[in-house]
Amino acid sequence: MRQKLVIANWKMHGNLALNKQLLAACTEKLSSLKNVDVVVCVPYPYLAQAQSMLQNTSIAWGAQNLSKDSDGPFTGEVSANMLKDFGATHVIIGHSERATAYCESDENIATKFMQAKTHGLIPILCVGETLIEREAGVMQMVVAKQLDTIINTYGASVFAGTIISYEPIWAIGTGLAASAEQAQSMHKFIRDKVAEYDQTAASQLKILYGGSVNPQNAVQLFSMQDIDGGLIGKCSLNAQEFEGICQAAVR
Ligand code: PGA
């Protein structure tokens, strides 16, 4: 039985004062919740703040990107070890907002995934199709290709103990979430694909859904067999809504 997992993706939001309020509220509201793991992925400058406010709580923290290199002359980049210096345990890899805006290739994303893994961080790999791809009926092909780059380079066993987040691009920040059936169908496709190569990795793999999750739709989404929780953008910036989503994961 995979424990449910809810991850906040703050994106480029927040400041020291607002974060302080939000983290304090989340800690208070979520501390008594059992049977759900919670992680908050903050912008780099706030990792120290997350560390000081979340250590000794049940909430873990992480980042939203990392460098594909371990160290070196890479101006503006942040390495896996730097994230670990601030107690980060998780890192989002290949979010579509980055892949589109900063031209991240599948190869680059695969390297970052492995960089996180080899340094002991848990990668949260984002995959998903555009609206045009869904309407053309090629969404499984698109997601398969995103996974294949990692599988062909490193083997499917690397997915053991990691997280994949299915994030249909048309659902991110639009208020239009995938239906529970649409999401379940893709989650099963992803798990089956990994299982073709490695049953154990597939059964351990946590597959989250991301894209306009709110406290209402979370109930049905999280009740599906292959949906192990969510990656939450907008609603993670509101302690009450985020708590509602975490509550839905406990049911
Ligand atoms: P959203 O973002 O919840 O605001 O749609 C989800 C995501 O980008 O991970």
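Reader: Which strands make up the closed barrel, and what kind of pairing does it have?

Author: In this predicted model, the barrel consists of 8 strands and runs β1-β2-β3-β4-β5-β6-β7-β8, with parallel pairing. On average, and with direction ignored, neighbouring strands of this sheet are turned by 25 degrees against each other.

Reader: Where does β8 find its partners, and how many bridges join it to β1?

Author: Strand β1 (residues 4-9) runs parallel to β8 and is joined to it by 4 bridges, with I232 in β8 as the bridge partner of A8. Strand β7 (residues 206-210) also pairs with β8 in the parallel sense, over 2 bridges, and here the bridge partner of G210 is L231. Between β7 and β8 the chain passes through helix α10 (residues 215-222), and this β-α-β crossover is right-handed.

Reader: How should I read the two faces of a strand, and which residues of β8 lie on each side?

Author: The general idea is that in a regular strand the side chains alternate between the two faces of the sheet. In strand β8 (residues 229-232), G229 and L231 lie on one side, G230 and I232 lie on the other, and all of them are buried, so that both faces are covered.

Reader: What is the pairing between β2 and β3?

Author: Strand β2 (residues 36-41) and strand β3 (residues 59-63) pair in the parallel sense over 4 bridges, and V38 stands opposite I59 in β3.

Reader: Turning to the helices, at what angle do α7 and α8 pack, and how far apart are their axes?

Author: Two packed helices are described by the angle between their axes and the distance between the axes. Helix α7 (residues 139-154) and helix α8 (residues 180-197) pack at about 35 degrees, with their axes 11 Å apart, and α7 passes α8 in a right-handed crossing. The contact brings M139, Q140, V143, A144, L147, D148 and I151 in α7 against S185, M186, F189, I190, K193 and Y197 in α8. By class, the residues of this contact divide into 9 nonpolar, 2 polar and 2 charged. Helix α7 also lies across β5 and β6, running at about 145 degrees to β5.

Reader: Is H95 buried or exposed?

Author: The place of H95 is in the loop between β4 and α4 (96-101). Its relative accessible area is 5%, and the cut-off for buried is under 20%, so H95 counts as buried. Leaving aside its neighbours within four places in sequence, H95 is in contact with N9, K11, C126, E167 and I172.

Reader: And where does N15 lie?

Author: N15 lies in the loop between β1 and α1 (16-30). With a relative accessible area of 33%, N15 is partly exposed. The C-alpha atoms of N15 and I227, which are 212 residues apart along the chain, are separated by 32 Å.

Technical notes
Residues numbered from 1 in each chain as written. Predicted model: local features only at pLDDT ≥ 70, side-chain atom pairs only at ≥ 80, totals over all residues. Heavy atoms only, no water. Buried < 20%, exposed > 50% of the residue type's maximum accessible area, 1.4 Å probe, protein only. Pairing = 2+ DSSP bridges. Right-handed = clockwise from strand over helix to strand, strands pointing away. Axes fitted to C-alpha atoms, helices over the stretch in contact; angles between N-to-C directions. Left-handed = near helix turned anticlockwise from the far one by under 90°. Contact = heavy atoms within 4.5 Å. Nonpolar A, V, L, I, M, F, W, Y, C, P; charged D, E, K, R; others polar.
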